[in-house]
Amino acid sequence: MLLKEVKRYWNKLETENLDMCASFTLFRLLKNNNFKFKNTNVLDVGFGEGQNLVEFKKRGANIHGIELRKEKIKKIIKLSKIKKNNFYHCDLNISFPKLNKKFNLIFSLDTFNYLTRSKQLDFFKNCHNHLKKNGFFLIHYPQMQLIKKKDKDIFDYEISDKNYAKSYFFEKENPIIFLKNKDIIEIINKNKKRYKLISSIFDTNTVSKKNSSKLTINRFLLFKKN
Ligand SMILES: C[S@@+](CC[C@H](N)C(=O)[O-])C[C@H]1O[C@@H](n2cnc3c(N)ncnc32)[C@H](O)[C@@H]1O
């Protein structure tokens, strides 16, 4: 059952300490859409190592977060020197925490795809209830993974069906769900009254150590509260 698998998987990674830095695609996308950082309330759902929250704090935002892993909450409190009341320990596959604030931005990178379908739908609804007027809502997830069919020249960067095959190369234990376009479109349509989709962009990364044969395409969807 997905709920248990997700909990088990992330529990095992409770003390993993990744060396991360903030997502430039996220910050550029927000800037391009006139998001003002100073004195705004932001909530990062599934903040992990907390690298994006640290960047928001640098830019003057009031930071808040939700996480399944207690160690990550301890880490962000230490890193940011922000009071612990701003961080919520919770499993979104069980419930959404009680938040006594409203936010200018709620965002979630690579976390929505660990939620059951019904909790994905609840997530859109709960975030809407916690957004201020004209607030921004952003989700990001790996849309596709591609692998080179033949080991070509490493400088060959043309991404075409000719050179790449669809493939999913996350480790077997990782319970990630790859969201199909039709599923995400259905969620967007069900939430048309709540949000307006204002931007859909992607970035890519190669995950392998030795070559660039494996490519992940990450989707960013930015909404504005109606
Ligand atoms: C792939 S990591 C992404 C971390 C961070 N957002 C980033 O982009 O670097 C997913 C994060 O979501 C958290 N997470 C996964 N399932 C969750 C759930 N059901 N409820 C709350 N947090 C969850 C994990 O603990 C982990 O830190």
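Let me start with the core: the largest nonpolar core has 40 residues, and V42, I106, F137, L138 and L222 touch the most other members. Strand β5, residues 131-148, gives the largest share of this core, six residues. By nonpolar core I mean a set of buried Ala, Val, Leu, Ile, Met, Phe, Trp, Tyr and Cys residues joined through C-beta atoms within 7 Å. Buried means 20 or more other C-beta atoms within 10 Å of the residue's own, exposed means 12 or fewer, and partly exposed lies in between, with C-beta atoms placed from the backbone. Helices (H or I, at least four residues) and strands (E, at least two) are DSSP runs, numbered from the N terminus.

This is a predicted model: local features need pLDDT of at least 70, side-chain atom pairs count only at pLDDT 80 or more, and totals for chains, interfaces and linings use all residues. Residues are numbered from 1 along each chain as its sequence is written.

Now strand β1, residues 41-45. Four of its five residues are buried, so β1 is largely enclosed by the rest of the structure. What does β1 pair with? On one count, five bridges join β1 to the parallel strand β2, residues 62-67, and V45 has I66 in β2 as its bridge partner. β1 also pairs in the parallel sense with strand β4, residues 103-109, over three bridges, where V42 stands opposite L105. Pairing here requires that DSSP finds at least two bridges between the strands.

Back to V42. Leaving out residues up to four places away in sequence, V42 touches F56, A61, I63, H64, F103, N104 and L105; contact means C-beta atoms, placed from the backbone, within 7 Å.

Next, the ligand. There are 20 residues around the ligand, and G46, G48, L68, L92 and L109 come nearest; a residue counts as near if its C-beta atom, placed from the backbone, lies within 6 Å. Helix α1 (2-12) and strand β2 each supply at least two residues of this shell.

Last, two backbone angles. Most residues other than glycine have a negative phi. Which residues depart from that here? N39 is not a glycine, yet has a positive phi of about 60°; N39 sits in the loop between α2 (24-32) and β1. N39 counts as exposed because it has 9 C-beta neighbours inside 10 Å. N134, in strand β5, also has a positive phi, near 60°. With 9 other C-beta atoms within 10 Å, N134 is exposed.

Terms used
Two residues are in contact if their C-beta atoms, placed from the backbone, lie within 7 Å.
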